[in-house]
Structures are given as structure tokens and as C-alpha cells.
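This report covers contacts, core, surface and sheet, in that order. Cut-offs are given where each term comes up.

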Amino acid sequence: MTNLGLMKFFLSLEVRQGETGIFVSHEVYAKEILKKYKMADCNQVSTPIEMGAKLSKFDGGERVDARKYRSFVGSLRYLTCTRPDLLLSVGIVSRFMEEPIYSH
């Protein structure tokens, strides 16, 4: 066996170990998602979904690529294990994976 030192990354989780405890985050992974989907320059907001937003399957809006939408939602689902504040919003948009439109 070999001592490789303190763990820094595990399954895209960034692990910081210190005297006060262990801190786990997805900061690097989240930045990669934003860059991959060309959202790195978007404005930050305090709530992940617009307050009072009503999404429906039958809005009749512009369709988007379902494969890309599913990939994005899957990436967000993986991110929710360290960001429970996103869980409700990701759950709502994941309902529309079959036929996503631009408003979703």
C-alpha cells in the first residue's frame, strides 16, 4: 500500500480536509457544467427558479433538443447531492424530459 496523501477529488467531488473538519463541494463540477452549456457568463440569482413560475407540457413553445436537455438535467441531478437548495427546481424541470420546450 502507498500513502497518497490527503484526498482532493473523488467522483467529481472536491474534498478539503482541515483541522476543523472535512468540506465537500462540487464547485469545479458546477463550473464545468456552466461552461459546457454556455452559461458561464449568466447573471447570478438568489432563487434557482422564478417565483410563481408555472410550467406546462402544453405551452406550445419552441422545442429544444431533448438529448441535450436530458444531459443537462442529469448533470444538475448529480449536483444536488451537495446542493439541496437546487433539488426542488431540478425536480420540477425533470418532469419535462420527454418533450422539452424553451420555457422549461
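## Contacts of Tyr37

Leaving aside residues up to four places away in sequence, Tyr37 touches Lys68, Ser71, Phe72 and Ser75; contact means heavy atoms within 4.5 Å.

The model is predicted: local features need pLDDT of at least 70, side-chain atom pairs count only at pLDDT 80 or more, and totals for chains, interfaces and linings use all residues. Residues are numbered from 1 along each chain as its sequence is written, and side-chain values use heavy atoms, with hydrogens and water left out.

## Nonpolar core

Tyr37 also belongs to the largest nonpolar core, whose seven residues include Tyr29, Ile33, Leu76 and Leu79. Leu86 and Val90 are members as well. Such a core is a set of buried Ala, Val, Leu, Ile, Met, Phe, Trp, Tyr and Cys residues joined through side-chain atoms within 4.5 Å; buried means under 20% relative accessible area, exposed over 50%, and partly exposed in between (1.4 Å probe, protein chains only).

Helix 1 (27–36) and helix 2 (66–79) are the elements that give two or more residues to this core. Helices (H or I, at least four residues) and strands (E, at least two) are DSSP runs, numbered from the N terminus.

## Exposed Leu11

Leu11 lies in the loop between strand 1 and strand 2. Leu11 is exposed, with a relative accessible area of 59%.

Three strands form an open sheet in the order 1-2-3, with antiparallel pairing; two strands pair if DSSP finds at least two bridges between them. Strand 1 (9–10) and strand 3 (22–25) are the edge strands, each pairing on one side only.

Strand 2 (residues 13–17) runs antiparallel to strand 3 and is joined to it by four bridges. Val15 has Val24 in strand 3 as its bridge partner.
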